[in-house]
Amino acid sequence: MGNGKTKSQLLEEVQQLRSELAAVKLITERRTKELSINAERFSLAIQGANDGLWDWNLETGEVYYSPRWKSMLGYKEHELDHVLGTWEDLVHADDKDAVLAKVQDYLAGRTDSFEVEMRMHHKIGHEVFVLSRGFCVNRESDGKPIRLVGTHVDITERKKAEALNEKHAEILKMIARGYPAADIYDAIALMYESRHPGMRCSMLELENNKLLHGGAPSLPKAYCDAVHGLENGPNVGSCGTSTFTGKRVLVENIETDPKWEKIKHHALPHGMRCCWSEPIINSQGKVLGAFGMYYDYPALPNEEELNDLISAARLAGIVMERDQTQKRIQMLAYTDELTGLASRAALIQHLEEITKAAVRHNRRFGLLYVDLDDFKGVNDSLGHEAGDLLLKTIADRLVNICREIDFVARLGGDEFCILLEAAEDDYAANVAKRCLDAISQPIEIYSRKLTPSCSIGIAYYPEDGEDLSALLKAGDASLYTAKENGKNQYAFYRAELIHKAEYRFQVEQSLRVAIEREQLSLVFQPQININTGAVCGIEVLSRWHHPQLGQIPPIDFIATAERIGMIQPLTEWVLRTACKQLAGWRKTSVEVLRIAVNISPKLFLDEAFVSLIGQIIDETEIVPSELELEVTEGIVQTDPRNLSIFMALKELGVLLAIDDFGTGYSSFASLKHLKVDYLKIDKYFIDDMLVDEKSMMLVSSMIEMGHKLGYGIIAEGVETLEQLTILRKLGCETVQGYLYSRPISAEALSKLLDSEAGIGIAPKAEKRVKSGSTDAKKTLHRR
């Protein structure tokens, strides 16, 4: 043959090649089988360890994620793509760069292994702590890394346990170091809230059979304030029931559970839907309070949550028992022996506590510095025993005029101090007035009749002092001012507050004279037929311009008139003047269908009121149906005697309107017993109906139900064309507001009626005009 080999040689070579191929095949099959077995063993090992597997191709960027890797984060097999971007989207943003840096260190040979902890986002929103380990697969030809393969282990429970132990240790350290109970309560609440995302916790203390919020860092302040101070008893929410019964209370649904019936309206607006409560019991078995857990959805606790509820209550119990024990010790150590009041030391301590609370909650509080006038004379003339009896009597009187939340202390000698948690300036002045009145009551000591008096200085935190020393100095300075001004009075530290008090005093003193001398004036606001533009009525409003104080808002002088007993002569003057004006318009052929006058609810209990109305009608010779009396809806239910007044007025022939309808307590069920002619929808609803669907529905319902009951409807405070259009569509027949006219003088109204006679009053151009302070709502003779 041409290549020099015989046929037999070629056959041998072919045979040998076949043998070698068979051997290679056998080896390949054996290795394939071994790889399959190893892969199966690895898979079984991974499944047994409950680990997730990942395999990152460094050349293509593809990443294989095992089904367990995906389910660990709440995803199904088909829900995640096998790309690096999947991991990047799921890893916590704060951990991403650190993990990638460790990958680079490992691939570059700067570290011998790859192991890192990270946080990843679960599908339903919570975080999963993951331990990731991996190893590198290199290419045989050049040793370059081509794959990074590894596992993910869910270590969330371990991390939660570690965090719980760390926070437990921190809280125990706070207890040992004597941190304030409120700070420790907050730390306990936040610790358990971090273990259960979405949970909100609170501690309630039981004090004098009242529930007091000890700590609730994540609950709305409005809710905490609403339930703070509630009387303990059955069916007072979960915590109230728990403290009352001493047993665990698990409420799955606040909205439907009868234990929440009385207070659920405080919780539901803030999204609170379930509440579980564990009583906090001291070492003697006495209930001290309760620990509560809330979620924003109906639920009962799982095993972990229930164990945490019990654990939290026990931990809070350590703090609460310690705190209450300390309070008892302090009560014994910081009580004035003579009067039983808090001592100066107790005042200092309490002042520090409420100052911290004021800083934390951005609140203010007041201090009254009280000093007896001429106390030395009592000691000198009657002896120190008589002086001690007087101090005891004064202490009792001060306690009796203050609320439970106010703090009364004896500083020493004849000096006392009252801390007021209310922030209103008026409240401090009112308490000071009560002190002056109570202390000045006569007292008989050793057969001697004494009429004591005192001077009071008022200061406020933080305006007048941001620390104990500064606040006491401010109180002492204002006390000196009161003494200097003649004693038996109070004085504010700030001139601004003095001016306010003086203003109120001047209004009170001047109003009586102004009413008696008829120094007030009237303005008139037309009521418009919504379809024709015709004036169908006029509301009468009172105004007062003081020669020194200027324009006095009705909200100020009307309230003052009621307080000093001048509302009856003021109303009588308004009625008589308004009816005279109506009669005058009639003589000049100005057509006015009716005038409306606001009436104080207090007058409806005056037997002479109906007679007064009849007398004014006779004097002015108006038709009774030309006079409309407006009363607030509270009159409907405040006193059953009002019913007879309503009937007597209707017998006279006057019209009656319920003013500010919808803002008080009345209902259509109660209105059916009263013969009224009009319902006036309050401006509050008119303002909101453009932006609030519920307000729109309420306005629509009021109009519909009012019409069905036979009442005319008047909408107050209409200021825009859009409001007018909606009210017209809803069937409202009469409107009143700045869109047509502000309250104006009788002369200006006469000109307006003359100019618009026969054609009606057209609404002004679209422009929302805000009501001034003199047009405040819910006052007599206003808008």
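Predicted model: local features only at pLDDT ≥ 70, side-chain atom pairs only at ≥ 80, totals over all residues.

Start with an open sheet of 6 strands, paired in the antiparallel way and running in the order S8-S7-S6-S11-S10-S9. Strand S8 (230–231) and strand S9 (249–251) sit at the edges with a single partner strand each, so one side of each has no neighbour in the sheet. In general, strands of a sheet pair through backbone hydrogen bonds, either parallel or antiparallel.

Now zoom in on S6 (residues 200–207) and S11 (residues 287–295): these two are antiparallel partners, joined over 6 bridges. If you want a spot to look at, find Met-203, which stands opposite Phe-291 in S11.

## Helices on the sheet

Helix H6 (residues 181–195) packs on the sheet, where it touches S6, strand S7 (210–215) and S11. The direction of H6 makes about 145° with that of S6. Helix H8 (residues 237–245) packs on the sheet too, touching S6, S7, S9, strand S10 (274–281) and S11. The direction of H8 makes about 155° with that of S11.

H6 also has a helix partner. The axes of helix H5 (residues 156–176) and H6 come within 10 Å and cross at roughly 175°, which makes the two helices roughly antiparallel. Among the residues that meet there are Leu-164, Ile-171 and Met-174 in H5, and Ile-184, Ala-187 and Met-191 in H6. Sort the residues of this contact by type and you get 9 nonpolar, 2 polar and 4 charged.

## Helix H25

Which residues of helix H25 (residues 721–730) are buried? They are Gln-723, Leu-724, Ile-726 and Leu-727. These residues cover an arc of only 165° around the axis, so they end up on the same side of H25. Their cover includes helix H23 (683–688), helix H24 (693–708), strand S26 (712–715) and strand S27 (734–735). Just after H25, look for Gly-731, which takes a positive phi of about 95°.

## Helix H26

Helix H26 (residues 746–755) has its own buried set: Ala-746, Leu-749, Ser-750, Leu-752 and Leu-753. Looking down the axis of H26, you'd see these buried residues fall within an arc of 165°, so they line one face of the helix. Here's the rule behind such patterns: an α-helix has 3.6 residues a turn, so residues three or four places apart point the same way.

What do the buried residues of H26 pack against? They pack against strand S19 (521–529), strand S20 (535–546) and helix H18 (567–587). On the other side of H26, Glu-747, Lys-751 and Asp-754 are exposed.

How values were computed: Residues numbered from 1 in each chain as written. Heavy atoms only, no water. Pairing = 2+ DSSP bridges. Helix = DSSP H or I, 4+ residues; strand = E, 2+ residues; numbered from the N terminus. Contact = heavy atoms within 4.5 Å. Axes fitted to C-alpha atoms, helices over the stretch in contact; angles between N-to-C directions. Buried < 20%, exposed > 50% of the residue type's maximum accessible area, 1.4 Å probe, protein only. Arc of directions from axis to C-beta. Parallel < 35°, antiparallel > 145°, perpendicular 65-115°, else oblique. Nonpolar A, V, L, I, M, F, W, Y, C, P; charged D, E, K, R; others polar.
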